[in-house]
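Let's take a walk through a protein model and see how some of its pieces sit together. Have the picture open as you read.

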Amino acid sequence: MTAIDPEIGAESAPATKLQVTHLNAYFGDLHVIRDITLGVPAEKVTAIIGPSGCGKSTFLRCLNRMHEHVPGARAKGEVLLDGVDVYHPSVNPVRLRRRVGMVFQKPNPFPTMSIRDNVLAGHRLNGTHIDAPGELVEHCLRQVALWDEVKDRLDQPGIALSSGQQQRLCIARVLAVEPDVVLLDEPCSALDPIATAHIEELIEELKDRYTLLLVTHNLQQAARVSDYMAFFYMGNLVEFDRTDVIFTNPKESRTEDYVTGKFG
Ligand SMILES: Nc1ncnc2c1ncn2[C@@H]1O[C@H](COP(=O)(O)OP(=O)(O)OP(=O)(O)O)[C@@H](O)[C@H]1O
């Protein structure tokens with residue numbers, strides 16, 4: 001959790017990877033994200049929790065500008081990635097999405113591509129040269145603990161894998177383009193408990209190298225894997241704090257009611 005600074009012997013706050021300031025998001029006239037200001041800690045897992053429809057996925061999609069793909073949708077406010085405004089006109093949204101990758105609820109490997117080509121898909125679609133594609137495929141599949149399971153069938157279609165394996169393949173595809181931030185939008189909701197456990201272990205391992213944001217309905221999962229939690233309610237950020245604080249000593253009664261199951 002929070003690091004102890006050896007110089008001063010006190011807890012030092014983690015660096016901020018994404019600084020969100022006064023973010024608002026709309027679908028047409030529907031105002032679904034309401035003036036959210038939040039600093040996302042670097043190389044930590046931040047879980048976003050809240051009742052259905054409170055804006056968790058929309059918030060996530062504003063961070064890599066996927067929200068603007070929906071006709072009539074728009075966002076207002078500031079999102080800084082390492083100090084750079086991701087909404088600045090000079091920012092290329094496709095390149096942004098390489099740095100801020102996304103994993104969806106339902107595993108979505110490219111159906112006509114092999115396991116190998118799925119891992120390399122980001123590079124191929126962007127037209128970037130890869131020095132050693134075989135090594136990159138192995139490295140990424142090892143990172144998601146899938147290599148031993150698929151190394152003898154890399155030419156088979158990605159969709160021939162189990163859904164848990166497909167989800168790990170999708171995470172490998174995101175990691176292959178070396179993102180800084182990985183957005184995970186309910187990545188386990190379509191998975192069985194064993195596949196879910198694999199993804200949770202993977203999240204634990206990845207957090208040393210990546211900044212992870214995890215939308216989840218599963219409070220136990222948030223408790224197990226996250227360092228920080230943001231509680232959203234009706235488009236507002238009600239509370240953001242360390243996960244242990246949110247569970248044991250929340251400041252807001254609505255947060256307490258939600259984490260103790262009184263509503264949701
Ligand atoms: N494509 C869309 N067009 C119009 N309204 C939308 C669209 N997507 C989401 N909304 C609305 O925006 C609000 C926030 O939705 P969002 O999916 O971000 O919430 P959520 O907290 O992720 O929900 P859930 O937990 O059910 O996935 C909801 O009122 C939803 O109905």
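In S7, which residue is the bridge partner of Leu81? It's Val84. Keep in mind that this is a predicted model.

**The strands**

That bridge belongs to the pairing of strand S6 (residues 73–81) with strand S7 (residues 84–85), which run in the antiparallel sense over 2 bridges. S6 and S7 make a hairpin, with 2 residues between them. Take a look at Asp82 in that turn: its phi is positive, at about 50°.

S6 has another partner too, namely strand S3 (residues 16–27), again in the antiparallel sense.

| Strands | Sense | Bridges |
|---|---|---|
| S3 and S6 | antiparallel | 8 bridges |
| S6 and S7 | antiparallel | 2 bridges |

**The helices**

Now jump to helix H6 (residues 163–175) and helix H7 (residues 193–206), whose axes come within 9 Å and cross at roughly 20°. An angle under 35 degrees counts as roughly parallel, so that's how H6 and H7 lie to each other. The crossing of H6 past H7 is right-handed.

Which residues meet here? From H6 come Ser163, Gly164, Gln167, Arg168 and Ile171, and on the H7 side they meet Ala195, His198, Ile199 and Leu202. Sorted by class, this contact has 4 nonpolar, 4 polar and 1 charged residues.

Terms used. Residues numbered from 1 in each chain as written. Predicted model: local features only at pLDDT ≥ 70, side-chain atom pairs only at ≥ 80, totals over all residues. Axes fitted to C-alpha atoms, helices over the stretch in contact; angles between N-to-C directions. Helix = DSSP H or I, 4+ residues; strand = E, 2+ residues; numbered from the N terminus. Parallel < 35°, antiparallel > 145°, perpendicular 65-115°, else oblique. Left-handed = near helix turned anticlockwise from the far one by under 90°. Contact = placed C-beta atoms within 7 Å. Nonpolar A, V, L, I, M, F, W, Y, C, P; charged D, E, K, R; others polar. Pairing = 2+ DSSP bridges.
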